[in-house]
Every structure is written in structure tokens, then in C-alpha cells.
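Student: I would like to go through this structure by asking, for each label, what makes it apply. Could we start with the strands and then turn to the salt bridges?

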Amino acid sequence: MSADDFSDAIIVVGAGLSGGSCALTILEAGKRVILVEKEKKLGGNSVRASSGINASETHHQKDQNVPDTNELFAHDTAYSSTKDINAKPTPLIQTLVVNSADGVRWLENHGLSLPVLSQCGGHSAARTHRPTSGAAGGYITLGLLRHVKKYAKQGKCKIIKTAKMTSLIKEGGRVVGLRYTNTKTGATNQSVRGQGVVMATGGFCYNIDMLKQYSPINAGLSTTNGHWANGEGMLVARDIGAKLVDMACVQVHPTGFIDPKEPKAREKTLAAECLRAAGALLINQEGHRFVNELGHRDDVTSAEKGQKGKIRLVLNPIAVAEVEPHVRMYTNFFKVLKPYKDSYALAKDMGISVDALKDTFDTYNEAARKGWCPSGKPRFPGTPYRIDQELRVGFVEPVLHYVMGGISINPAAEALDNNDRVIPGLFACGETAGGVHGRNRLAGNSLVECVVYGRVAGNSCIKMLNQGRRSKL
């Protein structure tokens with residue numbers, strides 16, 4: 001077989017973290033990959049993730065004396081997905097959790113150190129891992145893709161960019177390729193064939209038509225997703241018989257930063273979960289807290305929707321010190337966090353008495369002393385808050401963030417049809433796959449899903465190739 005003949009390869013569609021993890025897993029096993037990406041650059045929405053990657057029973061947790069177990073992580077995920085405290089983790093959740101620590105080890109074996117831990121909302125332990133440099137998504141995703149590109153230089157991986165998939169090719173009951181349009185040249189009905197196809201194409205939070213169809217109540221919201229998040233992977237899979245599940249479950253993240261210069265912009269910058277994990281408070285136009293900032297995302301969002309006027313996210317120096325690289329990025333690069341000398345300056349800007357802020361801070365500090373808050377907040381990071389402290393403040397609003405639904409898969413990342421039977425040659429991972437997160441994804445479970453199920457899909461492809469189940473092209 002010639003070096004230009006990639007008919008023995010697995011086709012991976014989507015070059016974000018899930019697609020990158022899948023491709024690298026296959027390549028490291030000595031197999032070949034065709035990586036198809038519709039944008040000019042690799043990375044997708046994965047590079048926008050900030051807070052980190054969840055994992056339980058990791059060496060970092062052990063080194064930092066953080067007690068955590070796979071059982072506890074699985075429980076937190078199941079509870080978030082169902083809002084039933086007695087919910088049993090599904091097989092998909094179990095696969096996610098038991099492979100999470102190995103996923104972090106695998107990343108670190110590729111030079112991606114993740115020693116910083118946060119305990120984000122909905123978690124029973126500090127298990128969200130990130131680098132010392134700050135935002136996790138770009139660091140992990142681009143770092144991993146550099147290894148994929150090395151294989152491309154060696155002729156073992158072919159990367160096709162500006163290729164918008166339009167349909168899958170199914171022959172003899174097996175998925176053996178796809179058709180695409182080259183968005184750069186305009187050439188249509190282009191095709192690529194291989195031994196199977198892995199869908200890692202993300203969600204549809206930018207696609208207003210799909211939002212109107214599946215989650216109409218949220219169709220008018222802004223989103224943290226890029227213009228590429230249009231869900232075509234789900235649609236073309238559906239067209240050849242794949243089952244779509246939980247499509248109405250679209251996550252609205254409570255804190256998307258509002259850029260004062262473009263308040264109506266469709267795309268918003270995510271105010272990372274780790275800000276609230278570090279002690280950031282949410283206050284309404286009267287200067288009062290109104291919610292457990294560490295609650296599940298859907299609960300925080302619901303509380304925000306009940307407020308009148310603007311909502312501000314506030315960090316004091318103690319909170320800033322915990323997430324300084326993030327704060328620096330939001331202040332200097334995105335310019336969505338504004339520094340205030342003290343609470344007097346903030347109160348003046350808000351048009352309220354500083355006494356309102358003092359009362360809010362004093363109440364919060366007292367709650368921390370007692371270990372109890374009417375909102376149900378279990379921990380009180382960032383204390384003490386005082387009115388003489390410098391503050392960083394930004395406007396936030398609920399934003400479309402993630403699609404829990406997608407292509408139905410089994411724990412081997414094999415795509416299923418409407419009768420729950422495996423579709424030969426078709427796999428799905430990352431946000432494109434549905435059923436892992438239920439109705440509400442737990443903070444930090446996106447990147448771990450990408451890594452774990454990307455690797456699971458890759459290993460399933462390797463198993464398929466080693467069993468000799470190749471299509472005759």
C-alpha cells in the first residue's frame with residue numbers, strides 16, 4: 001500500500017480535544033488516521049474551556065491530601081445529571097469516571113502538567129485539574145494536537161481542513177467514509193473513505209434552527225460557542241439511522257461575561273467555573289447575593305433569571321490570588337473584568353449605598369464562620385470580604401454552553417441505531433455523543449469526557465482493525 005493510500009485509516013471528524021485524543025490513540029497504536037476539520041485551524045470549542053479537567057483518585061489529589069474516590073465522583077455526576085440524590089451512575093458515567101485518572105496520566109505523559117486543583121460547583125472534592133498557567137482547554141487541546149501533527153509530518157496522519165461534512169457513506173451496512181464540501185474552494189461532493197468514522201464534531205449551541213427545534217426556550221440566548229458549533233455531525237449520523245438522545249438537554253451556563261462595548265454580541269466569553277470556586281460572588285443590582293454560587297449550573301441560572309437588572313461577578317484579592325492567570329486574561333485581554341479601588345468606588349458605579357455591599361460581605365463572612373448559609377452554600381472561599389479591598393468586577397448573564405444530547409453510544413463509544421444496535425464502523429465521542437451527562441452536565445466534565453471517550457473510541461477502532469473487519473474499497 002502506497003504512502004498516499006489511506007484506505008486502511010480511520011476517519012476522525014472534528015479536531016478538538018475529543019477528536020485529537022481519539023486520533024492520537026489510534027496513531028500511537030501504529031494505525032493511520034485521516035483527521036477531517038471544517039475550520040482553517042484545529043482546536044474547536046475545546047480551546048475555550050477554562051476551569052479544567054475532572055478526575056478522581058489522581059496522584060495530584062493524593063499528593064495534596066485531597067480525599068476523593070471514583071464512587072464519589074460517579075455519585076456527583078449522576079446527581080447532577082438527574083437531580084435525584086439516590087440516582088445510580090449509568091454505565092456511561094462509570095466508564096467516564098473509572099478512566100478519568102488514567103486520562104490525566106496520559107495527558108501528563110505527553111508533557112501536559114495539571115497540578116492545580118479546584119473544587120467547582122456540585123463537586124464533593126477538589127478534582128478539577130488545570131495547569132499553573134491558567135486556562136486548561138487551549139493548553140491541553142493544542143498541546144495534544146501538536147503530537148498529532150508530528151504523525152502528519154511522518155506521513156501517518158492526513159489532515160484535511162476546511163472540509164464541511166455533508167453526509168456519511170454507508171455500504172453493506174457499514175459506515176466507510178463521508179462526503180464533504182471544501183469551504184475554501186467551494187468544491188462540492190468531495191469524499192474520503194477509510195475503515196470507519198469517528199464523530200467528534202461537537203454540539204449545536206450556535207445553530208439557531210436546531211435550537212428552535214430541540215430547545216426553543218433557549219434559542220434567543222447568546223453562547224460561549226464559536227460559529228462552527230452547528231451540530232452537523234449529529235444530523236448526518238441521524239440520516240443513516242443513528243439514534244439521537246437527550247436533544248432537548250442544552251446547558252445554559254450561568255456566567256457568560258458581557259463585554260460593555262458589545263453587550264448584544266452573540267458570542268460571549270465564558271466566566272470560568274473556577275472563579276466562583278475561588279470565591280467570586282454573584283450580586284444583583286441592589287448589591288445583594290441571591291444564590292449559592294457553587295450550586296449546579298442549572299440552579300444558579302434559574303436564580304439569575306429571577307433577578308431584575310444587571311448581575312455582577314465580584315472577586316476580592318483572596319479570590320483573585322487563587323485564579324490570577326484567569327483574572328489577568330479576563331482583565332487585560334478580554335477586558336471584561338474591571339478593577340475597583342474598593343467597595344466605595346463600586347457602590348458609586350452601581351448607584352447604591354456602600355452599606356448594601358458591607359451588609360452583603362458581613363453576612364457572607366458570618367456564614368463562613370458558622371459554616372452555614374440560607375442559600376445552601378457548603379463552602380465559603382474568598383473570605384473575608386471587606387469594603388476596603390480592591391475588587392475585580394464583571395457583568396455576567398446566562399449563556400448557551402453545551403449540548404448534553406447527541407448520538408447514542410454504548411460504553412465502547414460505538415454509535416447505536418434506533419433499536420439500540422451497534423452501527424458498524426460508526427463511533428462518537430465528546431459533545432457529539434449523547435447520554436453521558438443526562439439533563440445537566442457537571443462542571444469540568446466536558447474535557448474529561450473528550451479525553452476518556454476519545455481514547456475509548458480510538459481503542460474501539462484499534463480493536464476493530466485488529467480483528468480484520470475491514471471494508472473492501
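Tutor: Two strands pair if DSSP finds at least two bridges between them, and helices (H or I, at least four residues) and strands (E, at least two) are DSSP runs, numbered from the N terminus. This is a predicted model, in which local features need pLDDT of at least 70 and side-chain atom pairs count only at pLDDT 80 or more, while totals for chains, interfaces and linings use all residues. Residues are numbered from 1 along each chain as its sequence is written, and side-chain values use heavy atoms, with hydrogens and water left out.

Student: What makes strand β1 and β2 a pair?

Tutor: Strand β1 (residues 10-13) and β2 are joined by four bridges in the parallel sense, and at least two are required. Within this pair, Val 13 stands opposite Val 36 of β2. Strand β6 (residues 157-160) also pairs with β2 in the parallel sense, over four bridges, and there Val 33 is found opposite Cys 157.

Student: Which way do the side chains of β2 point?

Tutor: From β2 (residues 33-36), Val 33 and Leu 35 point one way and Ile 34 and Val 36 the other. In a regular strand the side chains alternate between the two faces of the sheet. All four are buried, a term that means under 20% relative accessible area, with exposed over 50% and partly exposed in between (1.4 Å probe, protein chains only).

Student: Why is the contact of Asp 8 with Arg 32 called a salt bridge?

Tutor: The term asks for a side-chain nitrogen of Lys or Arg within 4 Å of a carboxyl oxygen of Asp or Glu, and the N to O distance between Asp 8 and Arg 32 is 3.1 Å, so the pair qualifies.
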